[in-house]
Amino acid sequence: MQKALEKLSYGNCDISDWEEIYVHDTERKQDRKEVKDTYHVMKNIYEEFGYETITVPCLPVEKRVRWIIERIEGQAFQTEGD
């Protein structure tokens, strides 16, 4: 992961840890503790490399999409004004 972060650059990183929607199924093979541990490790690594991590709130899909779009539009506006 370190080599990828040194080679590639992103604006922000969305890292979410939604206990409310977590289920252990065929797609999610980690148990709840491992998910939390992975979340904290990834968040720390991104921040160590200077990335701003953004936690998307656990909202219904339509509201979550709107929340994300509003943040993207806000970043584009800030970038254009720089």
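**Confidence**

Helices (H or I, at least four residues) and strands (E, at least two) are DSSP runs, numbered from the N terminus. The chain averages a pLDDT of 77, and 73% of the residues score at least 70.

I noted the ground rules. The model is predicted, with local features needing pLDDT of at least 70 and side-chain atom pairs counting only at pLDDT 80 or more, while totals for chains, interfaces and linings use all residues. Residues are numbered from 1 along each chain as its sequence is written, and side-chain values use heavy atoms, with hydrogens and water left out.

**Surface patch**

I then looked for a nonpolar patch (residues with over 30% relative accessible area and no salt bridge; nonpolar side chains, that is Val, Leu, Ile, Met, Phe, Trp or Tyr, are joined within 5 Å, and like charges within 9 Å). Val61, Val65 and Ile69 make one of about 220 Å². Areas come from the Shrake-Rupley method with a 1.4 Å probe, and for residues only the protein chains shown count as cover. Val65 lies in helix 3, residues 61-81. I recorded Val65 as partly exposed because its relative accessibility is 41%; buried means under 20%, exposed over 50%, and partly exposed in between (1.4 Å probe, protein chains only).

**Salt bridges**

Side chains of opposite charge can pair when their charged atoms come close. I used the rule of a Lys or Arg side-chain nitrogen within 4 Å of a carboxyl oxygen of Asp or Glu, and the count came to 5 salt bridges.

Asp37 is partly exposed at 37%, whereas Lys33 is exposed at 57%.

I next checked Glu73, which bridges to Arg66 with the closest N and O atoms 3.5 Å apart. Glu73 is partly exposed at 46%, and Arg66 is partly exposed at 39%.

Glu70 and Arg71 also meet in a salt bridge, at 3.5 Å from N to O. Both fall in the partly exposed class, Glu70 at 41% and Arg71 at 35%. I noted that salt bridges with shared partners join Arg66, Glu70, Arg71 and Glu73 into one network.

Technical notes: pLDDT is the predictor's confidence in each residue, from 0 to 100.
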